[in-house]
Amino acid sequence: MRSARDAAAYGAELRRICRFLGISDGNMAEGSMRCDVNISVRPKGRQQFGTKVEVKNMNSFSNMQKAIEFEIERQVSLLQAGRASEVVQETRLWDEGRQETTSMRTKEGLADYRCAQQQLLPLLALCSACMWL
């Protein structure tokens with residue numbers, strides 16, 4: 001995705017599908033649905049993206065869009081100021097009151113991206129008639 005608007009629209013569509021299928025009410029404010037975003041910028045013409053920053057704590061798609069827009073602007077400003085080393089791989093939180101992201105913790109290696117198995121989630125089995133491309 002290339003814009004905050006695209007990411008928010010994608011999330012809203014995913015929620016719409018979940019509601020249609022009856023698998024979730026998708027209520028972000030109550031925690032029924034959570035979305036985290038990863039943001040990385042690069043100068044025009046460069047192939048490789050820069051350092052990835054994860055943003056958490058967004059309770060609406062509107063806040064998701066605002067958080068992405070803020071984080072893109074933060075990273076671009078640092079790069080343009082010659083301070084690229086200050087864009088570090090980390091988890092940031094969206095502060096709705098201050099309308100900005102704040103650092104929560106740095107991520108230094110693959111161990112920081114472990115996935116924990118969710119015991120409370122039931123298995124979902126789809127028959128071949130339910131799948132299409």
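**Entry 1: overall make-up**

I began with burial: 24% of the 133 residues in the protein chain count as buried. I note here that the model is predicted. Next I looked up the secondary structure and found two helices and four strands. Read along the sequence, they follow the pattern α-β-β-α-β-β. I then checked the surface. The accessible surface of the protein chain is about 9800 Å². Carbon and sulfur atoms account for 53% of that surface. I also looked at contacts between residues at least 6 apart in sequence. Of these, 48% join residues at least 24 apart.

I went through the pairings in turn. As a reminder to myself, strands of a sheet pair through backbone hydrogen bonds, either parallel or antiparallel.

- Strand 1 and strand 2 run antiparallel and are joined by three bridges. Asn38 has Glu54 in strand 2 as its bridge partner.
- Strand 2 and strand 3 pair in the parallel sense, over four bridges. Here I found Val55 bridged to Arg92 in strand 3.
- Strand 3 (residues 90-95) and strand 4 run antiparallel, with six bridges between them. Leu93 stands opposite Thr102 in strand 4. Asp95 has Glu100 as its bridge partner.

**Entry 2: the nonpolar core**

I looked up the largest nonpolar core and found 15 residues in it. Those with the most contacts inside the core are Cys35, Val37, Val55, Met58, Phe61, Met64 and Ile68. Which elements each supply at least two residues of this core? I have helix 1 (4-21), strand 1 (37-39) and helix 2 (61-80) on that list. Helix 2 gives the most, with four residues.

Leaving aside residues up to four places away in sequence, Val55 touches Asp36, Val37, Ile39, Ala67, Glu71, Arg92, Leu93, Trp94 and Thr101. Arg92 in that list is also the bridge partner of Val55 in strand 3. Val37 in the list is, like Val55, among the core residues with the most contacts.

**Entry 3: Glu54**

Is Glu54 buried or exposed? I find it buried, because its relative accessibility is 11% and the cut-off for buried is under 20%. Glu54 sits in strand 2 (residues 53-56). I looked for side-chain partners next. A polar contact of 3.1 Å joins the side chain of Glu54 to that of Thr91.

I then listed what Glu54 touches, not counting residues up to four places away in sequence. The list is Asp36, Val37, Asn38, Glu90, Thr91, Arg92 and Lys107. Asn38 in that list is the residue bridged to Glu54.

**Entry 4: positive phi values**

Asn57 has a phi of about 75° and is not a glycine. It lies in the loop between strand 2 and helix 2. With a relative accessible area of 49%, Asn57 is partly exposed.

Where does Gln99 lie? I place Gln99 in the loop between strand 3 and strand 4. These two strands form a hairpin with four residues between them. The phi of Gln99 is near 55°. Gln99 counts as partly exposed, at 33% relative accessibility.

Methods: Residues are numbered from 1 along each chain as its sequence is written. This is a predicted model: local features need pLDDT of at least 70, side-chain atom pairs count only at pLDDT 80 or more; totals for chains, interfaces and linings use all residues. Side-chain values use heavy atoms; hydrogens and water are left out. Buried means under 20% relative accessible area, exposed over 50%, partly exposed in between (1.4 Å probe, protein chains only). A polar contact is a pair of N or O atoms within 3.5 Å; within protein, one must be able to donate a hydrogen and the other to accept it, and residues adjacent in sequence count only if both atoms are side-chain atoms. Contact means heavy atoms within 4.5 Å. Accessible areas come from the Shrake-Rupley method with a 1.4 Å probe; for residues, only the protein chains shown count as cover. A nonpolar core is a set of buried Ala, Val, Leu, Ile, Met, Phe, Trp, Tyr and Cys residues joined through side-chain atoms within 4.5 Å. Two strands pair if DSSP finds at least two bridges between them.
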